[in-house]
Amino acid sequence: EGDVEGGTYNFVTREEFEEMIEKNEFYEYDIHHNNYYGVPRKLLNEKIEQGKVIIKDVDVNGTQNLVNLLGQDTKIVTIFLRVPKEELERRLKERIEKPSPEEITLRLNRFDYEESKIGIYDYVLKNNDLEKTVQIIMSIIENELKLEFEEAHKRLKKAHKRLKKANKRLAEANKRLEEAQKRLEEANKKVQEANKRANESD
């Protein structure tokens, strides 16, 4: 329910966050309900290099930024968890670490804006049942990994086919080179014989 340091989030002071912004240490960041949120470059790069499946809770602006920045080189699957406004308000009020009335108002005022960004997402889920939502998300991840594996296998087969063609062309080129060398040797031999006859006639 509550956010845990090193788990859901890594917490830093506002001053530390702004210093990280100045050093360009975030892929994306935003002020969300009067708090800074961002995706650190170093942490995300380490996970990507390790081949990890990374699940990030990012707002709609951050999602778009990440897709724009990393989408060309990294597989990104976006999922929008949709909940009715009335249900969202109820959940906010029933949280263990209950937000202030001002924070709840800020969150609800952003609702329509976030809904307007649904079109940028690959999947939209009704987040009515936590357990069911988690199961669906896990199924999406498994299916996407399967698709990625199949695509990688197809690319590997195509690369192997291109390599075979390249090897065949290389073998043909080597054969032509050997034939050319043989003709050159024969031509040199004829030149030597001609020179020998010319010397004998002298």
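Asp59 is found in the loop between α2 and α3. The model is predicted. Asp59 counts as buried, because its relative accessibility is 15% and the limit for burial is under 20%. Its side chain makes two polar links. One reaches the backbone nitrogen of Gly62 at 2.7 Å. The other is a polar contact of 3.0 Å with the side chain of Arg110.

Helix α3 spans residues 60–70 and includes Thr63. At 9% relative accessibility, Thr63 is also buried. Beyond its neighbours within four places in sequence, Thr63 is in contact with Val58, Thr78, Ile120 and Tyr121.

Phe80 lies in strand β3, whereas Tyr121 lies in the loop between α6 (111–115) and β4 (123–126). The pair therefore ties together parts that are 41 residues apart in sequence. Both partners are buried: Phe80 has a relative accessibility of 8%, and Tyr121 has a relative accessible area of 11%.

The structure holds five aromatic pairs. Another of them joins Phe17 and Tyr29. Here the centres are 6.4 Å apart and the planes lie at 70 degrees, so this pair is edge-to-face. It links distant parts of the chain, 12 residues apart. Phe17 belongs to helix α1 (residues 14–22), and Tyr29 belongs to strand β1 (residues 26–32). Phe17 is buried at 7% relative accessibility, whereas Tyr29 is partly exposed at 40%. Ring pairs also link Phe17 and Tyr29 with Phe26 and Tyr36 into a cluster.

Ile76 lies in the loop between α3 and β3 (79–82). Its relative accessible area is 28%, so Ile76 is partly exposed. Leaving out residues up to four places away in sequence, Ile76 touches Leu66, Val67, Leu70, Gly71 and Asp122. Ile76 and Val53 are 23 residues apart in sequence. In space, their C-alpha atoms are 9.9 Å apart.

Val53 sits in the loop between α2 (41–49) and α3. Together with Ile55 and Leu145, Val53 forms a nonpolar patch on the surface. The accessible area of these residues together is about 290 Å².

Key:
Residues numbered from 1 in each chain as written. Predicted model: local features only at pLDDT ≥ 70, side-chain atom pairs only at ≥ 80, totals over all residues. Heavy atoms only, no water. Helix = DSSP H or I, 4+ residues; strand = E, 2+ residues; numbered from the N terminus. Buried < 20%, exposed > 50% of the residue type's maximum accessible area, 1.4 Å probe, protein only. Contact = heavy atoms within 4.5 Å. Patch = residues over 30% accessible without salt bridge, like charges linked within 9 Å, V, L, I, M, F, W, Y side chains within 5 Å. Areas by Shrake-Rupley, 256 points an atom, 1.4 Å probe, with all protein chains shown as cover. Salt bridge = Lys/Arg side-chain N within 4 Å of Asp/Glu carboxyl O. Polar contact = N/O pair within 3.5 Å; in protein donor to acceptor, adjacent residues only side chain to side chain. Phe/Tyr/Trp six-rings, centres within 6.5 Å; stacked < 30°, edge-to-face > 60°.
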